[in-house]
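This report describes selected local features of one protein chain.

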Amino acid sequence: MLFTPSELARRALDSAPDAMVIIDQQGVVLFANRQVSAQFGYAHEEIIGRTLDHLIPPLLRGQHVVRGGATGEQPSRAPDGAGPELFGRREDGTEFPLEISSSPVEDGGHAFIATIRNVADRKRAEAELIVAREDADRANLSKGRFLATASHDLRQPVQTLSLLNGTLRRIVAEPAAAAAVDQQERAIQAMSRLLNALLDISKLESGIIKPEPSDFTVDSLFGGLRRDFASAATSKGLTLKIDECAACAHSDPSLVEQILRNLVSNAIKYTREGWVRLRCLREQARVRIEVRDSGIGIPADQLGYIYDEFYQVAVATNASRDGYGLGLCIVQRLVRLLDLRLEVRSEVGKGSAFALVLPAAGGPAIPAGADSAQSPALLARVVASRVLLVEDDDAVRDATCMLLTVEGYRVTAVASLAQALHEARESERPDLLVTDYHLRGEETGIQVIARLRESLDPAMKAVLITGDTSSAVKELPRDRHLRIASKPVKSDELLALLGELLAT
């Protein structure tokens with residue numbers, strides 16, 4: 001059957017998924033397709049000959065976008081979000097959100113075709129998305145508070161054990177007892193590594209770690225890795241090769257360092273003899289950092305599992321473990337967070353190679369961080385110096401007192417800001433302040449440092465010890481008379497910080 005052009009156009013409009021009308025300059029409906037009746041509930045003859053305002057609630061009439069007829073202006077679609085929200089009114093009086101867009105018919109501007117779209121589903125989805133986003137923000141805030149508390153509270157007993165172990169190592173002379181203390185130290189270190197790994201994963205999953213990218217020199221990271229892993233490699237009879245690197249990269253240097261620490265640690269762990277090598281290569285706009293080893297290698301069918309939690313290559317489920325299989329899990333999450341690329345090649349019996357690819361720096365780079373290596377002179381014990389210790393946890397306070405006293409310091413220990421201020425007024429001026437970051441109530445170690453500097457000396461030397469998250473630590477104020485240590489801080493590390501401050 002053949003249709004005339006006008007009949008064909010009418011049938012096409014009736015088949016459209018949206019409600020469509022043709023109106024004249026006064027807004028009178030000349031034509032309405034079937035969807036208009038279906039959407040508004042009016043019979044077709046009740047729509048034809050009425051103005052488009054008949055489909056709009058009385059309070060909104062005259063505000064819809066098709067309003068040009070009375071003034072001679074050409075109707076057009078308002079930008080998204082502009083003007084008041086528009087509603088349609090059905091024959092039964094119910095209302096629904098809609099959008100109207102129009103364009104002139106090619107007849108000299110005497111008629112316009114308007115499309116009327118019900119946007120109730122879209123509005124509902126937008127509202128649900130807003131609610132979901134607010135719920136997610138609240139959940140992340142709650143996770144952040146929990147992790148900050150857990151990070152502090154879980155590290156407190158580990159901190160106590162670590163300090164007590166440091167004290168025992170300094171006073172135990174009998175060989176059997178010394179061996180037991182050494183075993184105890186290894187157990188504490190293993191517990192600390194597991195705790196740190198679990199908290200790192202939790203922080204990454206909660207989204208509270210936010211990258212802070214900057215330009216930095218790769219060699220400034222290599223220096224710390226060379227210092228920290230040399231003894232671990234030597235104790236296994238391995239050669240640790242860390243090349244000089246003049247390249248500069250752009251990313252978050254502290255998180256990149258965490259990635260490399262996990263990769264180097266794994267390389268040493270899975271290499272029984274031979275070498276571990278860290279090097280970097282400049283590739284046009286990229287910097288490629290490689291961690292290679294002559295270790296046991298990874299079977300091809302296991303490469304897909306190496307980033308899973310608690311998975312270890314060639315370790316049975318019930319076998320004794322050297323580590324917990326969390327290092328590469330953390331690496332993968334950090335790589336994703338920083339939007340970097342990590343490549344791996346491995347051959348059983350010949351070793352593995354992990355390559356981290358970063359963008360090159362766009363400008364002059366700065367060192368990634370101060371080298372915290374201590375010279376032998378700075379590690380020497382400073383006898384008879386007075387230390388004011390502020391720590392609200394009884395066990396940690398007692399353990400710290402024991403360690404410092406054994407080392408030769410004169411220690412006054414208090415639990416709060418008020419007690420610290422009282423000691424500052426009534427007793428001999430301390431040479432150094434050691435304070436925990438989180439104290440009882442709302443008090444913080446930052447407040448303790450500020451008030452004591454105000455009372456005694458603006459340049460008072462202080463060590464701030466924190467078990468808080470890495471993102472919070474980054475925001476803490478720094479100055480040349482302040483050192484910040486993260487729990488669980490080792491006894492040797494704490495004593496080195498005291499020696500460094502007191503020697504300056």
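**Basis and confidence**

The structure is a predicted model, in which local features need pLDDT of at least 70 and side-chain atom pairs count only at pLDDT 80 or more, while totals for chains, interfaces and linings use all residues. Residues are numbered from 1 along each chain as its sequence is written, and side-chain values use heavy atoms, with hydrogens and water left out.

The pLDDT, the predictor's confidence in each residue on a scale from 0 to 100, averages 81 over the protein, and 79% of the residues score at least 70. Residues 67-83 have a pLDDT below 50, and this stretch makes 19 contacts in the model beyond near neighbours in sequence; a contact means heavy atoms within 4.5 Å. Residues 369-382 also have a pLDDT below 50, with 17 contacts beyond near neighbours in sequence.

**Disulfide and cysteines**

One disulfide (a pair of cysteine sulfur atoms within 2.5 Å) is found in a search of the whole structure. It joins C245 to C280, with an S to S distance of 1.8 Å. The link of C245 and C280 is right-handed, with 90° about the S-S bond. C245 lies in the loop between β7 (239-242) and β8 (248-251), and C280 in strand β9 (residues 275-283), so the pair ties together parts that are 35 residues apart in sequence. Helices (H or I, at least four residues) and strands (E, at least two) are DSSP runs, numbered from the N terminus.

Both C245 and C280 are buried. Buried means under 20% relative accessible area, exposed over 50%, and partly exposed in between, with a 1.4 Å probe and protein chains only.

| Residue | Relative accessible area | Class |
|---|---|---|
| F40 | 1% | buried |
| F96 | 2% | buried |
| C401 | 18% | buried |
| C248 | 21% | partly exposed |
| D339 | 68% | exposed |
| Q284 | 77% | exposed |

**Aromatic pair**

Rings of Phe, Tyr and Trp (its six-membered ring) pair if their centres lie within 6.5 Å; planes under 30 degrees apart count as stacked, over 60 as edge-to-face and the rest as tilted. By this rule the count is one aromatic pair. F40 and F96 form this tilted pair, at 5.4 Å centre to centre and 55° between the planes. The pair links distant parts of the chain, with F40 in helix α2 (residues 34-40) and F96 in strand β4 (residues 95-104), 56 residues apart.

**Helix α12**

Helix α12 (residues 445-455) has the buried residues G445, V448, I449, L452 and R453. Seen down the axis of α12, these fall within an arc of 120°, so they line one face of the helix; the arc is that of the directions from the helix axis to the C-beta atoms. The elements they pack against include β14 (386-390) and α11 (417-426).

**Backbone features**

Most residues other than glycine have a negative phi, and most peptide bonds are trans. Phi is positive, near 55°, in Q284, a residue in the loop between β9 and β10 (286-293). Phi of D339 is likewise near 55°, and D339 lies in the loop between α8 (327-338) and β11 (341-347). A cis peptide bond, with omega about -5°, joins K487 and P488.
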